[in-house]
Amino acid sequence: MTKINRKNKTYKLNNLPELINNSFIFNNKTGLTGSMFTRPVTNTLRIYKHYAIVYGFDKNNVLWMIENNVNGVECITFEDFLNNQNNFKIEAYINNPFTSQLILQRAKSKSKSNAIYFPDDFNCEHFVNYCYSGVSHSNQVQVTKSVLI
């Protein structure tokens with residue numbers, strides 16, 4: 001798989017950017033670090049979604065996201081997450097600071113492991129579900145496999 005070239009700087013989770021705010025408000029709802037965003041995957045007719053979790057805002061008011069991709073688990077800008085699309089959805093608002101920290105701990109632990117991105121076994125959805133529940137799972141992969149079998 002080819003590495004992704006980003007428009008903006010990226011960070012590994014052992015060297016995250018300093019935040020000034022880990023919360024956001026969207027559609028009159030407040031979310032914290034760990035809230036889940038999705039967007040359609042390019043060239044899949046909107047069948048598949050790309051997943052990431054919110055990290056927070058830095059001193060320049062840049063929103064940072066944590067995702068798993070072919071570069072590994074990394075922190076990217078919201079602009080890079082959108083990938084030239086304006087179509088995104090907030091799948092889950094995290095509003096509990098304890099849950100927020102647990103999700104971030106799981107993200108960091110997975111980034112330190114030897115888990116390598118692979119579409120069928122450890123994709124962005126596997127990663128986000130692991131961060132949320134401690135169990136790596138992808139409904140998209142399961143549905144695709146059930147259709148193909």
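Reader: How many nonpolar, polar and charged residues are there in the lining of the largest pocket?

Author: The model is predicted: local features require pLDDT of at least 70 and side-chain atom pairs pLDDT 80 or more, whereas totals for chains, interfaces and linings use all residues. Residues are numbered from 1 along each chain as its sequence is written, and side-chain values use heavy atoms, without hydrogens and water. A pocket is an open set of points on a 1 Å grid over the protein atoms alone where a 1.4 Å probe fits, with protein on both sides within 12 Å along at least five of seven lines, and lining residues have an atom within 4 Å of a point. With Ala, Val, Leu, Ile, Met, Phe, Trp, Tyr, Cys and Pro as nonpolar, Asp, Glu, Lys and Arg as charged, and the others, Gly among them, as polar, the lining of the largest pocket has ten nonpolar, 13 polar and nine charged residues.

Reader: Which element gives the largest share of the lining of the largest pocket?

Author: Helices (H or I, at least four residues) and strands (E, at least two) are DSSP runs, numbered from the N terminus. The largest share of this lining is five residues, and the element that supplies them is H4.

Reader: Which residues are closest to the centre of the second largest pocket?

Author: The second largest pocket holds about 180 Å³ of space. Fifteen residues line it, and those closest to its centre are Lys-12, Gly-72, Val-73, Ser-111 and Ala-115.

Reader: Which element supplies the largest share of the lining of the second largest pocket?

Author: Strand S6 (72–77) and helix H2 (97–112) each contribute at least two residues to this lining. The largest share amounts to three residues and comes from H2.

Reader: How many residues apart are Arg-6 and Glu-67, which meet in a salt bridge?

Author: A salt bridge is a side-chain nitrogen of Lys or Arg within 4 Å of a carboxyl oxygen of Asp or Glu, and for Arg-6 and Glu-67 the N to O distance is 2.3 Å. Arg-6 belongs to the segment before strand S1 (23–26) and Glu-67 to strand S5, so that the pair links parts of the chain separated by 61 residues.

Reader: Is Glu-67 buried or exposed?

Author: Buried means under 20% relative accessible area, exposed over 50%, and partly exposed in between (1.4 Å probe, protein chains only). Glu-67 has a relative accessible area of 1%, so the class of Glu-67 is buried.

Reader: How far apart in sequence are the parts that Glu-91 and Lys-49 tie together?

Author: The closest N and O atoms of the salt bridge between Glu-91 and Lys-49 are 3.1 Å apart. Because Glu-91 lies in strand S7 (residues 89–92) and Lys-49 in strand S4, the separation in sequence is 42 residues.

Key: Points joined across faces, edges and corners; volume = space filled by probe spheres on them.
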